[in-house]
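Subject: Structure handover

Hello,

Here is the structure for you to look at. Please open it first, then read my notes below.

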Amino acid sequence: MMAGMSDVEQIKEYEVILWIEVVRPTTRQKGQHFLVLGSQMLTTLRDKIYCLTDKLMQKLNYFLPSGYFCIENVFYNDMRDPDAIDYSDPILKWMHYQGSKGLCNPYGTRAADMATTSFLDLEFRVGKQYTYCHQGNCKHMLMIRDMRLIHKEDVQNALLYPLLRSPFRVHLRKCTICAIYIATKVTVDDKMAPESPCFYCDYCYYVQHYSQDGRLLYNDFRVYDYYHE
């Protein structure tokens, strides 16, 4: 929930601020940069992270509330939703099975609750890459870049944290046909398209695929909503 104009919570003295970057490791996009308070729970950061996968899964009515941060061999699971799944459970069971055969767990891997763990509760190394996983197997790199005491030039309203300092930058394709408007559809194996995949704005997609009375001219192709990259 965003703080209103009259919602102010003064930050406590000697509060700690962490600078955290979150990015998809399979892309070259600039990551999201957050300032979080040491006293905040890990779930406050998870709720602020933007990922297109979440949006697509919601549209398909297949949204999965589960997720975890893996930091220094601890799986911090988000179990707030009754339908959430403990993603770390099969991993820990496998390790327990290995232990039953005489193979120990050398890293002391364990699970913890994201909702009851604050950033100051963490053991971490500044600059080391950790993992955020959600929607089954959508993984992001998480890195704590800095940690310091708050000072007077920082935002003093605790309700505004985690504070997004570097917005997520996206790449938007223009319509392949008109090369003017932003694409909203993408087709695959479309016999009337100049290429596959082919990106369309709403107008060009409708003109090419529908008759004047609104009938679909052919359907032997795949079409998806296009958001960004």
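Cys201 is buried, because its relative accessibility is 3%. This is a predicted model. Cys201 is in no disulfide. The nearest cysteine sulfur belongs to Cys204 and is 3.6 Å away.

The disulfide count comes to zero.

Now the wider picture. The protein chain has four helices and eleven strands. Of its 229 residues, 40% are buried. The accessible surface comes to about 14,300 Å², and carbon and sulfur atoms hold 54% of it. Take the contacts between residues at least 6 apart in sequence: 59% of them join residues at least 24 apart.

Next, the cores. In soluble globular proteins, nonpolar side chains tend to be buried together. Here the largest nonpolar core has 22 residues. Leu18, Ile20, Phe69 and Phe119 are among those with the most contacts inside it. Elements giving two or more residues to this core include strand S2 (32-37), helix H1 (42-46) and strand S7 (138-149). Strand S1 gives the largest share, four residues.

Which residues does Phe69 touch? Leaving out residues up to four places away in sequence, they include Leu42, Leu45, Met114 and Leu142.

A second, separate core has nine residues, among them Ala193, Tyr200, Tyr205 and Tyr218.

Best wishes

Definitions and conventions
Residues are numbered from 1 along each chain as its sequence is written. This is a predicted model: local features need pLDDT of at least 70, side-chain atom pairs count only at pLDDT 80 or more; totals for chains, interfaces and linings use all residues. Side-chain values use heavy atoms; hydrogens and water are left out. Buried means under 20% relative accessible area, exposed over 50%, partly exposed in between (1.4 Å probe, protein chains only). Contact means heavy atoms within 4.5 Å. Accessible areas come from the Shrake-Rupley method with a 1.4 Å probe; for residues, only the protein chains shown count as cover. A disulfide is a pair of cysteine sulfur atoms within 2.5 Å. A nonpolar core is a set of buried Ala, Val, Leu, Ile, Met, Phe, Trp, Tyr and Cys residues joined through side-chain atoms within 4.5 Å.
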